[in-house]
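Visitor: Please take me to one part of this model and look at it closely. I want to know what meets what there, and then what lies beyond.

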Amino acid sequence: DNIRRLPRLSRQALAADLGLDPAKDWVMFTWHPETKCSVRENVMVLWDIINALLEYDNLQIIATYANADYGGQEINEQLELAAQAHEERLRVHKNLGQLRYINLMREARLMAGNSSSGVLETPALSLPTLNVGDRQKGRLPAPNIVSCAGDSASIAKGLKKLFSVKFNENLKQAAGDNP
């Protein structure tokens, strides 16, 4: 309902508001702690995802803070460190708010991480989504979602699939399919 209800922001307005380059492809990224894993493991997966995304030169990453689960504070600290190290490629926001979040979903090239938003909302926009790890395990995936394990090889393989011509052609045919 919010996707239909909220006003549409232009790509240029969104870019100016969030400090993004409108000529780049945008990736929405959220990593929440997987509660069955240690904080150390969660931080390692976080960096594996960030490093895999940084392999693609034309991507600009917009990360949002983790939730308040155990380990979230450490993840947020690591996000801030990553943003400092890659200030032209990675922006971190504590919270985008509903209007900016939905409009960013409309303009993004893909979503990555383990947020429920990747499973629940992205199908409505046919936004390619890399769902990493087990946090959303048990939820029925839509055709726009590629799930992978939290190791660097699986993440790289998942991203390669999301960027493939075949995946995107199939996604166009399944547009709007949302279980």
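Guide: Contact here means heavy atoms within 4.5 Å. Helices (H or I, at least four residues) and strands (E, at least two) are DSSP runs, numbered from the N terminus. The model is predicted, so local features need pLDDT of at least 70 and side-chain atom pairs need 80 or more, while totals for chains, interfaces and linings use all residues. Numbering starts from 1 along each chain as its sequence is written, and side-chain values use heavy atoms, without hydrogens or water.

Start with α3 and α4. Helix α3 covers residues 39–54, and helix α4 covers residues 72–85. Their axes (lines fitted to C-alpha atoms over the stretch in contact) come within 10 Å. They cross at roughly 30 degrees. Angles run from 0 to 180 degrees between N-to-C directions, and those under 35 count as roughly parallel. α3 and α4 are therefore roughly parallel to each other. The crossing of α3 past α4 is right-handed: the near helix is turned clockwise from the far one by less than a right angle.

Now look at the side facing the partner. From α3 come Val 39, Asn 42, Val 43, Leu 46, Trp 47 and Ile 50. They meet Glu 74, Ile 75, Gln 78, Leu 79 and Ala 82 of α4. Sorted by class, this contact holds eight nonpolar residues, two polar and one charged. Ile and Trp are among the nonpolar types; Glu counts as charged.

Move on to the salt bridges. The rule asks for a side-chain nitrogen of Lys or Arg within 4 Å of a carboxyl oxygen of Asp or Glu. By that rule there are three. The side chains of Arg 11 and Glu 107 form one of them, at 3.2 Å from N to O. Arg 11 sits in helix α2 (residues 11–18) and Glu 107 in helix α5 (residues 97–107), so the pair links parts 96 residues apart. For accessibility, buried means under 20% relative accessible area, exposed means over 50%, and partly exposed is in between (1.4 Å probe, protein chains only). Arg 11 has 17%, so Arg 11 is buried. Glu 107 has 21% and is partly exposed.

Asp 17 lies in α2 and Arg 100 in α5, 83 residues apart. Both ends are partly exposed: Asp 17 at 44%, Arg 100 at 21%.

Asp 69 pairs with Arg 135, at 3.2 Å between the closest N and O atoms. Asp 69 is in the loop between β2 (59–64) and α4, Arg 135 is in the loop between β5 and β6, and 66 residues separate them. Asp 69 is partly exposed at 29%, and so is Arg 135, also at 29%.

The β5–β6 loop also holds Asn 144. With 2% relative accessibility, Asn 144 counts as buried. Its contacts, leaving out residues up to four places away in sequence, include Thr 122, Leu 162, Phe 167 and Ser 126. Ser 126 sits in the loop between α7 (122–125) and β5 (129–132). At 19%, Ser 126 is buried too. Most residues other than glycine have a negative phi. The phi of Ser 126 is positive, near 55 degrees.

Notes. Parallel < 35°, antiparallel > 145°, perpendicular 65-115°, else oblique.
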